[in-house]
Amino acid sequence: MPTPITLLLALLPVVGLAAEAGDIACSAQITMQPQPSEGAQRALVDGDKTTASSFEVGTEGEGSFTFTFDHPRQVSGLRLLQGGDVYYSTELSVEADLDGDGELETPLAELSDAPLREWAAANWEPVSLRSLRLRSTAGVSNGRRAHPCLAEVQIIGVREADDMRKAAEAGIALATLPVARPLERVTRLVSSGQAPALMAPE
């Protein structure tokens with residue numbers, strides 16, 4: 001029978017994982033508006049920069065991506081990678097539903113001139129939320145789809161031991177949950193009336 005000390009040691013990696021900031025987007029239920037193309041939600045969070053999330057042919061205008069968690073999560077930032085120069089956004093808003101009532105009424109950040117084929121990031125003071133929406137407010141569609149086309153989205157929050165299981169259930173195979181890395185290049189961003197960093201990692 002395990003001793004109390006043995007059990008405590010066995011729990012230490014779980015405690016360490018939960019306390020560390022990382023990408024938790026893969027543990028959320030993802031919805032897109034307007035109609036997404038097949039496999040679009042998975043492509044957003046599969047960790048593969050060569051796959052891209054797009055909207056269905058025949059859609060138009062501004063697209064949005066909503067990440068809904070099954071319980072409140074501590075979140076402090078978002079990163080995105082635009083796929084190219086055919087369908088892209090020039091202005092985006094990040095909004096949250098804090099109490100789970102379905103209303104995404106809390107603004108977290110606004111991104112301006114997010115680069116193409118490079119990571120962009122918005123950061124804010126940690127908040128507990130149930131849903132987060134990334135919404136295009138201006139952009140370009142050089143074809144018959146809504147914009148933008150995103151290669152990846154990362155939501156930076158406190159990781160939990162159950163996140164990898166949720167990713168696996170969604171068909172996303174991860175060896176480990178990505179850890180939030182420092183970012184380097186700064187461009188324009190507005191968040192709550194202030195200017196946090198919009199940068200690209202190594």
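This is a predicted model: local features need pLDDT of at least 70, side-chain atom pairs count only at pLDDT 80 or more; totals for chains, interfaces and linings use all residues.
Because E95 lies in strand 4 and R133 in strand 6 (residues 119-141), the pair ties together parts that are 38 residues apart in sequence. E95 itself counts as buried, at 9% relative accessibility, and the side chain of E95 also meets that of R135 in a salt bridge of 2.4 Å, N to O. R135 belongs to strand 6 as well, so this second pair joins parts 40 residues apart in sequence; R135 is partly exposed, with a relative accessible area of 29%.

The structure holds six salt bridges, and another of them is formed by the side chains of R73 and D163, at 2.9 Å from N to O. This pair links distant parts of the chain, since R73 is in strand 3 (residues 64-82) and D163 in helix 3 (residues 163-169), 90 residues apart. R73 is buried, with a relative accessible area of 1%, and D163 counts as buried at 0%.

D23, in strand 1 (residues 21-23), is buried yet has no salt bridge, the nearest side chain of opposite charge, R79, being 8.4 Å away. Polar atoms of the D23 side chain do, however, lie 3.0 Å from the backbone nitrogen of A25 and 3.1 Å from that of I155.

Technical notes:
Residues are numbered from 1 along each chain as its sequence is written. Side-chain values use heavy atoms; hydrogens and water are left out. Helices (H or I, at least four residues) and strands (E, at least two) are DSSP runs, numbered from the N terminus. Buried means under 20% relative accessible area, exposed over 50%, partly exposed in between (1.4 Å probe, protein chains only). Lys and Arg count as positive and Asp and Glu as negative; His and the chain ends are not counted. A salt bridge is a side-chain nitrogen of Lys or Arg within 4 Å of a carboxyl oxygen of Asp or Glu. A polar contact is a pair of N or O atoms within 3.5 Å; within protein, one must be able to donate a hydrogen and the other to accept it, and residues adjacent in sequence count only if both atoms are side-chain atoms.
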